[in-house]
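Please keep the sequence and the coordinates at hand while reading.

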Amino acid sequence: MSCELRIIDLGRTRYQTAWDFQKDLVRRRAESAVPDCLILTEHEPVITMGRGTDRTNLLVTADNLAARGVDLHEIERGGDITFHGPGQAVLYPIIDLRERGRDVRRYLRDLEQMVIETLADLGLVASVKEGLTGIWVENRKVGAIGVAVSKWISYHGVAINVNTDLDYFKLINPCGITQYPVGSVSQLVGREIKPAHFNELLVQHFADYFGYEAVNAPDGVRYMLDSFLETP
């Protein structure tokens, strides 16, 4: 029998907003106050540095970033430095790994395979590279994966370049990788793909792969979001 997966679409957010919201949901999930959840968002330009970041992979100063309107955050996920911004499909699963064998490594491999299957829907043959993180198509990195776990509840997750401005990646060595370029789904399929469309595919594959029934968050969740989402 499938378990319920609450789908929460935050729309466009600043990174801090989504980060705070994730941590609040992690607490609620650990207390069994909410079921497993899947957050969808698209960030304003931001560079994040995970626990494994080599700071030399940030190629500009904080002042340079501020002048370009790019936020900078040091965060608790695994992995090195990456960029998030408009045109990316970002997926943050808040799920209880106690019910999935408490196996973080397996969870990461499952996330990779789920993204590979999603890209196949668009005719792209994706893969992983031995010793390197992320999802790759034609030697271009199109997706980054980095997770954190608190009390066996997962957060952070997956970011896929759908129609992202790839010039932003010139500000960093993405995930410390210099020998291969980044790419986008739209670039590789030769036509524009919208993040909203790609999110639909991701939700479908995530639910199927992990054995969930996807259910949109009820209207009452809006009240929980209000303290995190910025007023236009």
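A disulfide is taken here to be a pair of cysteine sulfur atoms within 2.5 Å. The model under discussion is a predicted one, and by that cut-off it holds 0 disulfides. Cys3 takes part in no such bond, since the nearest cysteine sulfur, which belongs to Cys37, is 13 Å away.

Cys3 is partly exposed, its relative accessible area being 41%, whereas Cys37 is buried, with a relative accessible area of 2%.

## Overall fold and dimensions

The secondary structure of the chain consists of 6 helices and 10 strands. Its radius of gyration is 17 Å, close to the 17 Å that the globule rule gives for 232 residues, so the chain is as compact as a globular protein of that length. Along the principal axes, the C-alpha atoms fill a box of roughly 45 × 40 × 30 Å.

Of the 232 residues in the chain, 53% are buried. Among the contacts with a separation of 6 or more, 78% are accounted for by residues 24 or more positions apart.

## Surface and charge

The chain exposes about 10800 Å², and carbon and sulfur atoms supply 46% of this area.

## Positive phi angles in loops

Ser32 has a phi near 60°, which is a positive value in a residue other than glycine. Its place is in the loop between α1, which covers residues 15–30, and β2, which covers residues 37–43. Ser32 is exposed, with a relative accessible area of 56%.

Glu138, which is likewise not a glycine, has a positive phi of about 50°. Glu138 is placed in the loop between β7 (135–137) and β8 (140–150), and with a relative accessible area of 63% it is exposed.

## Separation in sequence and in space

Tyr212 is found in strand β10, which spans residues 212–216, and at 6% relative accessibility it counts as buried. Although Tyr212 and Cys3 are 209 residues apart along the chain, their C-alpha atoms are separated by 4.8 Å. The Cys3 end of this pair is the partly exposed cysteine discussed above, with its relative accessible area of 41%.

Leu40 lies in strand β2 and, at 5% relative accessibility, counts as buried. Leu40 and Asn64 are 24 residues apart in sequence, yet from C-alpha to C-alpha they are 29 Å apart in space. When residues up to four places away in sequence are left aside, Leu40 touches Ile7, Ile8, Asp9, Leu10, Gly11, Val90, Leu91, Asn199 and Val203.

How values were computed. Residues are numbered from 1 along each chain as its sequence is written. This is a predicted model: local features need pLDDT of at least 70, side-chain atom pairs count only at pLDDT 80 or more; totals for chains, interfaces and linings use all residues. Side-chain values use heavy atoms; hydrogens and water are left out. Buried means under 20% relative accessible area, exposed over 50%, partly exposed in between (1.4 Å probe, protein chains only). Helices (H or I, at least four residues) and strands (E, at least two) are DSSP runs, numbered from the N terminus. The radius of gyration is taken over C-alpha atoms; the globule rule is 2.2 Å times the number of residues to the power 0.38. Contact means heavy atoms within 4.5 Å. Accessible areas come from the Shrake-Rupley method with a 1.4 Å probe; for residues, only the protein chains shown count as cover.
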